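Hi everyone, thanks for coming. Let me put the structure up, and then we'll walk through how its parts sit against each other.

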Amino acid sequence: MSVGYVSVQWNRHKRIYDACVAGGIVLYLGVFFAAGKALYTGRNAISGEILAMRALATCAFLMLNVILCIGPLARLDRRFLPLLYNRRHLGVATFLVALAHAAIAIGFYHGFGNVNPFVALLTSNTNFTSLSAFPYQTLGLFALLILFLMAATSHDFWLKNLGAPAWKRLHMLVYIAYGLLVMHVALGILQTQRSPWLASLVGVGVVIVATLHLIAGQRERRHDERGSQLSPRAGEEWVDVGAVDDIADQRGSTVTVGAGERIALFRYNGCVSATTNVCAHQGGPLGEGKIIDGCITCPWHGWQYRPADGRSPPPFAEKIHTYRVRVVGRRIQVDPTPLPPGTAVEPARVEEVQSA
Amino acid sequence: MPETNEFYVGYLKSPRTLTVFLGWAIPSLIVAALAIGWLVSRSQNDPGDGVWHHEANTLVGRVGATPYPLIRVPSKSPGHAAETVLLVSEGKHGGGERVAALDGRIVRVRGTILERDSCRLLELAHGDAVKPDDSLTAADTGRLAAPIIVALGEVTLRGEIIDPKCYSGAMKPGEGKTHKECATLCISGGIPPMFVTIDAAGRRSYYLLTDPDGRALTGGALHDGLLPFVADVVEIRGTLERRDDLQVLRVDLKSIRRL
């Protein structure tokens, strides 16, 4: 949430996060390089440039695997949400590590010749019809371009100006980049590697990423399927979406009505309000958020909205869709037609049950 | 966390249980990454025992510009009259232009040696690295008069087309798929193409590749017939001959087949 743009809105968490990322990268590169130097010596020493290139490549690929696991992990276990909070910095760091790998590879393998290294990169191998001889560098180049595009547009400035849906679609290209990089590895280094370890680790990484996405996706799908059974009765505009008592005080829950978008319900201070489940920032699940200081607080990055009108508290100006809501008995009913973002809706009053 | 009322917001103080969780989860993740880095690094292929002697060296012998730049020096081993050292320039460039004017003369060449098994190259130093020389004895000069050529007949071989400069130590490793583009650039830049085979006992044999007439592979024959197969595992057919200590394969380009 910002009324103006700064390069990075630092806070303690981001500093710790970035220190862990930077420290992890330095340690990884150091261990890889030192092991290579210590284990391959004398006439059988591996070139320093090639060791550095491989250390950077494996580091970037490992980081990308971790990045792709964070999303579904955070969906399945909220203790991983802190990893999601500053994931963009991890993404930018991954791009920089991959860029360093590419710079050494292009300079070392494609430089020093009679052709411009970038021309050589695209023309020295044109065996596009052979799997074993395929120019796998091209795949890495396209993946790097995608990572660059994502790193360059990672700032909230681009998120705001492109709009959350377009920005989100752009950043979904990470899956194409991942696929390209898996092929880059499979058609490159794995074609020559005699030890099975690297191939096994790449395979395990792909399986973990795919499995986590499938499990998280299946959970979301089951939730939506349950929701699809909720729809207004003929001639009625209200839909029963659950019991008040199913929602803890100061917390939210999520329902899906028909084929519509997910609706977030919040119970707070003897009231119930309904808004879209989609945060205006990065599409975070607001229904999994909490009411803090009277505002709906997104679990991903802490963006806030007032539950009664879906507007961020001043001086912020973000707005989200709201929904008409009422409570009948202890049941919550919602009109599933979204109101324009920022529309004020009278919260439904809840008669709190007094304990004896 | 779902069972408690704790809630994480990045710009607020973290709940204690979450801090405890992250306190072991993040270090564990980093330790796992380091273990992976160590494992992957130690499982790299042995890059071979090619070596680039970076100290300056001089050789005196008869220089040849065909089929590729080379110098024949008096042999120290009893089996051959002369030993052959291929001449290349810095980077991914052959030594062609630098020896053409002195083709057939006794010269002194200055540079650095790369070698792996029986394959030897000299990277010519900057400047005037090839000069006429008269320090050889008449006997040695006579031994270098003409190469001793022995025809060995038609052969079919399985192995890899390499650029011998990288393979012999300029890059470690300088072979295989990841080195394909580099080897292609080296060969197209004038470094002689060679073929390497490895027998069941792991012994490597090296073959200098020429066209069917024994000339350097250039132009379309090189770019269309040979370069697409560089660094791949291929089968190759041709006429083999031995020139002094060097095996030369007059290759039938149409026979090259990726395995």
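So, the centres of domain 1 of chain A and domain 2 of chain A, taken over C-alpha atoms, are 38 Å apart. Domain 1 covers 12-223 and domain 2 covers 239-349, with bounds from an automatic or database domain assignment.

A word on conventions: this is a predicted model, where local features need pLDDT of at least 70, side-chain atom pairs count only at pLDDT 80 or more, and totals for chains, interfaces and linings use all residues. Residues are numbered from 1 along each chain as its sequence is written, while chains are lettered from A and ligands numbered from 1 in the order in which they are written.

How many residues does each domain give to the contact? Eight come from domain 1 of chain A and eight from domain 2 of chain A, where contact is C-beta atoms, placed from the backbone, within 7 Å.

On the domain 1 side, helix H3 (81-85) and helix H8 (164-171) of chain A each give two or more residues. H3(A) has the largest share, with three residues. Helices here are DSSP runs of H or I, at least four residues, numbered from the N terminus.

Now for a helix pair. Helix H2 (residues 48-76) and helix H9 (residues 174-186) of chain A have axes 11 Å apart and pack at about 145 degrees; axes are lines fitted to C-alpha atoms over the stretch in contact, and angles run from 0 to 180 degrees between N-to-C directions. A:Phe61, A:Leu64 and A:Leu68 of H2(A) meet A:Tyr178, A:Leu181 and A:Val185 of H9(A).

How values were computed. Two residues are in contact if their C-beta atoms, placed from the backbone, lie within 7 Å.
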